[in-house]
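Please look over the points below alongside the sequence and the model.

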Amino acid sequence: MSEIIKVGMADLNICKSPNGITTLGLGSCVGIAIRDPLTKIGGLAHIMLPDSTVIANNSNKPKFADTGIAMLVDLVVKAGANRARLVAKIAGGAQMFGFQNKNELVRVGERNVEATKKKLAELRIPILAQDTGLNYGRTVIFYPETGDFIIRAVGKDEKTI
């Protein structure tokens, strides 16, 4: 029997087929699902902020795109995934405030998506699909066995990317 592993905000975890992994409440946060399609080992990070270097003395690596994604990659590789085969899917990064503003503090979702894409590109991990932006939160479930990344949002049809 498979189980669904829960990942909290500013956290990450890995799982192996046939298990799935989920995180709730992706507003401006981004969920990054990474897997090796051959070994079916994958993981999910729930990042809150784009850049760890702007906050002094913060040891919570999963909280940031730059450190959380690198940590997730290390964990899936240590679990048996092949680094060269890793692929990613991302979701979240919404603009949760009802007004448009170019202020960096308000654009957290957009900045999180940009930082996520930048880090994945640096690590040479292709993004196969994404569901980002707009103005609503998301809950995601990822299945490393199939690569299905299920996105649920209030008032929206469930979708699989």
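1. In this predicted model, the contact between helices α1 and α2 involves Ala65, Asp66, Ile69 and Ala70 on the α1 side. Their partners in α2 are Ala115, Thr116, Lys119 and Leu120. Sorted by type, the residues of this contact are five nonpolar, one polar and two charged.

2. Two packed helices are described by the angle between their axes and the distance between the axes. Here α1 covers residues 65-78 and α2 covers residues 108-122. Their axes are 9 Å apart and the packing angle is about 45 degrees, which makes α1 oblique to α2. The crossing of α1 over α2 is right-handed.

3. How many disulfides does the model hold? The count is zero. A disulfide would need a pair of cysteine sulfur atoms within 2.5 Å. For the sulfur of Cys15, the closest cysteine sulfur is that of Cys29, 20 Å away, so the two are too far for a bond. Taken from the other end, the closest cysteine sulfur to that of Cys29 is in Cys15, again at 20 Å and too far for a bond.

4. Are these cysteines buried or exposed? Cys15 has a relative accessible area of 3% and is buried. Cys29 is also classed as buried, with 7% relative accessibility. The cut-off for buried is under 20% relative accessible area.

5. Most residues other than glycine have a negative phi, and most peptide bonds are trans. The next points concern departures from that pattern.

6. The peptide bond running from Ser17 to Pro18 is cis, and its omega is near 10 degrees. Pro18 sits in the loop that joins β2 (11-16) and β3 (20-26).

7. Ala10 is not a glycine, yet its phi is positive, at about 60 degrees. This residue belongs to the loop between β1 (4-7) and β2. Ala10 counts as buried because its relative accessibility is 11%, and the cut-off is under 20%.

8. Leu134 likewise has a positive phi, near 60 degrees, in a residue other than glycine. Where is Leu134 placed? The loop between β7 (127-132) and β8 (138-143) holds Leu134. With a relative accessibility of 57%, Leu134 counts as exposed, since exposed means over 50%. On this scale Ala10 is buried, whereas Leu134 is exposed.

Conventions. Residues are numbered from 1 along each chain as its sequence is written. This is a predicted model: local features need pLDDT of at least 70, side-chain atom pairs count only at pLDDT 80 or more; totals for chains, interfaces and linings use all residues. Side-chain values use heavy atoms; hydrogens and water are left out. Axes are lines fitted to C-alpha atoms, for helices over the stretch in contact, and angles run from 0 to 180 degrees between N-to-C directions. Helices (H or I, at least four residues) and strands (E, at least two) are DSSP runs, numbered from the N terminus. Angles under 35 degrees count as roughly parallel, over 145 as roughly antiparallel, 65 to 115 as roughly perpendicular and the rest as oblique. A crossing is left-handed if the near helix is turned anticlockwise from the far one by less than a right angle, and right-handed if clockwise. Contact means heavy atoms within 4.5 Å. Ala, Val, Leu, Ile, Met, Phe, Trp, Tyr, Cys and Pro count as nonpolar, Asp, Glu, Lys and Arg as charged, and the others, Gly among them, as polar. Buried means under 20% relative accessible area, exposed over 50%, partly exposed in between (1.4 Å probe, protein chains only).
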